[in-house]
Amino acid sequence: MLNINADDEIELVLFIIFVFIAIAVIITRIFLSPKTRPLMLQYEGVVAPFFGLPAVLFSLLSALMGTSIWENYNVASQAIKAESQGLIQIISLASTLPELKDNNLANATRMYAKSIIEEEWQTLTSDRKDASKTVEKFIVMRSDLFKAANQLNNNAESKVLMNAFQTVNNARSIRLAYTSFDIHPLRLSGILFLAVILLLTVAFIHVAKPKSLVVAMFIATATVLTPISLITLTFSSPYIGVISISNKAYLLIQ
């Protein structure tokens with residue numbers, strides 16, 4: 001799936017809403033028009049249980065795709081929490097251990113966290129990659145941390161410090177790996193196709209009752225647009241768009 005920015009996401013959702021409303025209106029007019037209604041009435045034998053087939057398929061595909069996307073969001077969100085907690089632990093150790101009072105580790109860690117918010121978050125939401133300045137600050141923090149670990153002579157605090165860094169390092173890798181989702185557009189196309197079939201099925205079931213047909217089409221259109229819109233707003237990247245992960249966890253690092 002090609003990455004799109006937040007404005008493109010909104011435009012795409014509005015386009016999909018417009019298209020489905022147009023499709024629903026066209027279907028309704030065809031089934032209610034005096035010229036075409038007699039032809040549609042020939043297929044009045046379509047019974048309500050038939051509605052279940054496209055409805056179940058649409059619900060199943062939407063649920064599977066939505067679950068996949070939200071699982072990616074959850075992984076990225078957990079990575080951010082883990083990274084921020086690891087950074088807080090490093091700062092806490094560097095600030096409280098007497099052996100590290102002259103070490104620059106705490107300040108380097110704060111600078112790295114600040115760079116994530118002010119520099120790298122911008123590249124995550126635009127270029128889908130890390131920021132060179134943030135990488136530099138990460139390397140500085142890592143160097144200071146290794147020096148601090150050597151000062152502690154492999155004692156218990158040294159192991160805790162290295163474990164905290166390993167948490168940060170792993171979480172950072174995961175955060176950067178989830179800058180975009182590998183979701184093929186054909187998966188969304190299948191859901192859109194089933195949604196159109198669903199609207200046609202609703203029309204055939206209510207073909208003998210014009211007023212009921214209008215109400216049913218309105219409800220069916222709103223129903224299919226809800227999951228489609230939510231999926232469209234989330235399949236690009238977890239860091240951009242109306243539904244995005246916040247960087248507030250790094251603001252707690254002081």
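This is a predicted model: local features need pLDDT of at least 70, side-chain atom pairs count only at pLDDT 80 or more; totals for chains, interfaces and linings use all residues.

Reader: Fine. How many helices and strands are there in the protein chain?

Author: The protein chain has eight helices and zero strands. From the N terminus on, the order reads α-α-α-α-α-α-α-α.

Reader: And what share of the residues counts as buried?

Author: 41% of the 254 residues count as buried. The accessible surface of the protein chain is about 13,500 Å², and carbon and sulfur atoms make up 63% of that.

Reader: What about contacts, how much comes from residues 24 or more positions apart?

Author: Taking contacts with a separation of 6 or more, 80% are between residues 24 or more positions apart.

Reader: Ok, switching to rings. How many aromatic pairs does a search of the whole structure find?

Author: Seven. One of them is Phe31 with Phe204, an edge-to-face pair with 4.9 Å centre to centre and 85° between the planes.

Reader: Where do those two sit, Phe31 and Phe204?

Author: Phe31 is in helix 1 (residues 6–32) and Phe204 is in helix 7 (residues 185–205), so this pair ties together parts that lie 173 residues apart in sequence. Phe31 is buried at 2% relative accessible area, while Phe204 is partly exposed at 23%.

Reader: How far apart are Trp70 and Tyr73 along helix 3?

Author: Three residues, so about one helical turn separates them in helix 3 (residues 52–96). As a rule, an α-helix has 3.6 residues a turn, so residues three or four places apart point the same way.

Reader: And Tyr73, buried or exposed?

Author: Tyr73 is buried, at 5% relative accessibility.

Reader: Which residues form the aromatic cluster?

Author: Tyr112, Phe138, Phe146 and Phe165 form one cluster. Phe138 also has a charge over its ring: the charged end of Arg172 sits there, 5.2 Å from the ring centre.

Reader: Let's do helix 5. How many residues does it have, and what does it reach end to end?

Author: Helix 5 (residues 132–151) has 20 residues and reaches 29 Å from first C-alpha to last, close to the expected 28 Å.

Reader: Which residues of helix 5 are buried?

Author: Thr134, Phe138, Met141, Asp144, Leu145, Ala148 and Ala149. Looking down the axis of helix 5, these buried residues fall within an arc of 140°, so they line one face of the helix.

Reader: What's exposed on the other side of helix 5?

Author: Ser132, Glu136 and Asn150 are exposed there.

Reader: And what follows helix 5?

Author: Asn153 follows helix 5, and its phi is positive, near 55°.

Reader: Last one: where is Thr221?

Author: Thr221 is in helix 8 (residues 210–232). Its relative accessible area is 7%, and with the cut-off for buried at under 20%, Thr221 therefore counts as buried.

Reader: What is Thr221 in contact with, leaving aside neighbours within four places in sequence?

Author: Phe20, Ala24 and Leu199 are the contacts of Thr221 in that case.

Reader: Great, thanks, I'll go and look at those.

Notes:
Residues are numbered from 1 along each chain as its sequence is written. Side-chain values use heavy atoms; hydrogens and water are left out. Helices (H or I, at least four residues) and strands (E, at least two) are DSSP runs, numbered from the N terminus. Buried means under 20% relative accessible area, exposed over 50%, partly exposed in between (1.4 Å probe, protein chains only). Contact means heavy atoms within 4.5 Å. Rings of Phe, Tyr and Trp (its six-membered ring) pair if their centres lie within 6.5 Å; planes under 30 degrees apart count as stacked, over 60 as edge-to-face and the rest as tilted. A charge sits over a ring if NZ of Lys or CZ of Arg is within 6 Å of the ring centre and within 35 degrees of the ring normal. The expected span of a helix is 1.5 Å times one less than its number of residues. The arc is that of the directions from the helix axis to the C-beta atoms. Accessible areas come from the Shrake-Rupley method with a 1.4 Å probe; for residues, only the protein chains shown count as cover.
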